[in-house]
Amino acid sequence: MLNSTPKAKRIIPRTSKTLLHCTNCTQSRSYHDQNRCSTLNRQKAKKGSSSRPKSTPFVANLKQIHDPDKALSLFHDYQQMGFKHDYSSYSSLIYKLARSRNFEQIDPLLGFIKDHGIRCRETLFMALIEHYGKCQMVEKSIEFFHRMRGFNCDRSLQTFNTLLNVLVDNDRFSDANDMFKRSSGLGFRPNSVSFNIIMKGWLEMGKLEQACEVFDDMLDREVQPTVVTYNILIGFLCKKGETEKAMRLLDDMTRKGRRPNAVTYALVMEGMCSLGKYKEAKKMMFDMEYRGCKPRNLNFSVLMTDLGKQGKIDEAKSLLLEMKKKRLKPDAVLYNIFINYLCKEGRCEDAYKILVEMQIKGCEPNGASYRMLVDGFCKNGKFERALSVLHAMLMVRHCPRLETFCCLVIGLCNCGKADTACYVLEEMEKRKMIFQCEAWESLVAETCFLDKAADELLIDLVSADC
């Protein structure tokens with residue numbers, strides 16, 4: 001029993017309890033996967049009635065530009081040449097500005113669109129609601145939701161769920177719950193995604209009983225739980241160390257016709273590993289195939305991560321052979337596990353070899369791959385090696401964290417590399433990342449402590465306009 005109250009006894013057989021307190025990434029992935037399916041279905045339904053706009057020369061050129069200021073310049077250049085921008089031009093530019101968090105230019109563009117009666121698509125406002133939400137600009141997300149009709153754009157349940165999720169993720173659960181309760185009045189019939197978001201909100205506040213009530217309401221309205229719903233519950237139980245209950249739920253899930261997927265098994269495996277039951281987790285991965293579910297990279301990553309935590313990196317590498325037998329190709333996430341734990345052990349050169357290996361095998365390193373290496377070299381005092389990785393990172397348009405930049409600048413200064421430190425500061429400035437007062441204080445303190453000529457070094461930095 002998950003709860004000893006009479007109400008809980010009634011709920012559990014209906015598969016309630018603690019839904020949605022799995023990891024944030026699992027919830028985010030499941031939420032967006034369902035929304036993508038919804039989008040595809042709606043696009044198919046509309047096919048023939050409203051074809052997708054063709055790509056214009058401006059849109060094609062815009063795709064090659066990464067700097068938002070240059071994107072705006074390109075927009076104005078085309079305008080001056082007499083090019084007539086249409087919805088595809090405006091929406092593509094707005095997407096790029098939102099992704100780069102250059103929000104101040106978005107409202108004027110939307111104003112022009114509205115004044116000229118250009119009809120907007122729902123996907124544009126969904127993207128804006130999400131991007132503003134990620135930057136904790138929740139009021140703007142709410143504003144866009146209410147302004148949509150003014151742009152001759154209908155709101156669907158998809159947009160409703162997008163805003164609901166933004167509210168919950170920004171600790172505005174009270175507003176989200178109120179909006180959910182008013183869904184009928186707003187013209188929406190909640191689906192499983194809607195219910196999942198609200199249950200997530202309750203559970204993030206530790207309100208298990210309320211989450212169970214929402215799940216009961218879900219069943220009463222004949223909204224069927226999905227595999228995602230079961231995964232959320234199983235993930236929560238496993239995080240609490242309740243793997244036996246999670247296994248019983250897994251069996252119940254199968255009996256009720258819901259087929260577990262690779263994520264389901266990965267969550268249980270992760271729970272087992274957290275309890276020190278690596279062998280049981282490995283057995284489950286090989287047993288899942290007999291249950292009709294083929295292991296995926298995700299399942300191998302659970303085992304590799306646990307071995308990495310134990311310092312058994314060579315044993316983790318042996319799992320790559322198992323993957324090869326199953327015709328699975330390692331991705332950046334798997335390679336990053338090795339890079340991460342090798343750097344933690346101070347084996348940064350070995351981690352760098354992993355980076356090279358993945359490139360040779362056709363796997364493109366992602367931002368995390370480079371960040372871990374730069375951080376690793378910095379922590380081990382190898383600042384010039386960190387700089388070389390940073391340079392490669394910037395060439396492929398990935399960016400380190402501000403903390404990494406600061407650590408690298410201080411390290412280079414301590415080595416007497418003022419010119420190189422200036423280069424790093426210039427790269428920071430290009431990305432609108434600046435030292436805070438504390439970082440400057442740390443820089444001065446470190447250099448003064450380690451080098452009597454620190455004053456000359458700081459003069460060099462200032463004179464170089466850093």
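Student: Which residues are buried in helix α8 (residues 138-147)?
Tutor: In α8, the buried residues are Val138, Lys140, Ser141, Ile142, Phe144 and Phe145, where buried means under 20% relative accessible area, exposed over 50% and partly exposed in between, with a 1.4 Å probe and protein chains only. Helices here are DSSP runs of H or I with at least four residues, numbered from the N terminus. This is a predicted model, in which local features need pLDDT of at least 70 and side-chain atom pairs count only at pLDDT 80 or more, while totals for chains, interfaces and linings use all residues. Residues are numbered from 1 along each chain as its sequence is written, and side-chain values use heavy atoms, with hydrogens and water left out.

Student: And what do the buried residues of α8 pack against?
Tutor: They pack against α6, α7, α9 and α10, with contact taken as heavy atoms within 4.5 Å.

Student: Which charged residue lies over the face of Phe145?
Tutor: Arg155 does, at 4.3 Å from the ring centre, and Lys114 lies over the face of Phe151 at 5.7 Å from the ring centre. For a charge to sit over a ring, NZ of Lys or CZ of Arg must be within 6 Å of the ring centre and within 35 degrees of the ring normal.

Student: Staying with Phe151, how far is its C-alpha atom from that of Arg119?
Tutor: The two C-alpha atoms are separated by 6.1 Å, although Arg119 and Phe151 are 32 residues apart along the chain. Arg119 is placed in the loop between α6 (106-115) and α7 (122-134), and, leaving aside residues up to four places away in sequence, Arg119 touches Tyr87, Phe151, Asn152 and Asp154.

Student: Which backbone oxygen does the Arg119 side chain reach?
Tutor: That of Asn152, at 3.0 Å. A polar contact is a pair of N or O atoms within 3.5 Å; within protein, one must be able to donate a hydrogen and the other to accept it, and residues adjacent in sequence count only if both atoms are side-chain atoms.

Student: Is Asn170 buried or exposed?
Tutor: Asn170 is buried, with a relative accessible area of 15%, and sits in the loop between α9 (157-169) and α10 (173-181). The Asn170 side chain reaches the backbone oxygen of Gly133 at 3.2 Å; beyond residues up to four places away in sequence, Asn170 touches Gly133, Gln136 and Val138.

Student: Switching to rings, how many aromatic pairs are there?
Tutor: A search of the whole structure finds 13 aromatic pairs. In one of them, Tyr78 and Phe83 have ring centres 5.3 Å apart and planes at 80°, so the pair is edge-to-face. Rings of Phe, Tyr and Trp (its six-membered ring) pair if their centres lie within 6.5 Å, and planes under 30 degrees apart count as stacked, over 60 as edge-to-face and the rest as tilted. Ring pairs also link Phe58, Phe75, Tyr78, Phe83, Tyr90 and Phe112 into a cluster.

Student: What about the largest nonpolar core, how many residues has it?
Tutor: The largest nonpolar core has 71 residues, and those with the most contacts inside it are Ile234, Met304 and Leu408. Such a core is a set of buried Ala, Val, Leu, Ile, Met, Phe, Trp, Tyr and Cys residues joined through side-chain atoms within 4.5 Å. Helix α19 (residues 332-344) gives the most to this core, with 9 residues. Apart from this core lies another of 61 residues, among them Ile94, Phe145, Phe151 and Phe180.

Technical notes: Helices (H or I, at least four residues) and strands (E, at least two) are DSSP runs, numbered from the N terminus.
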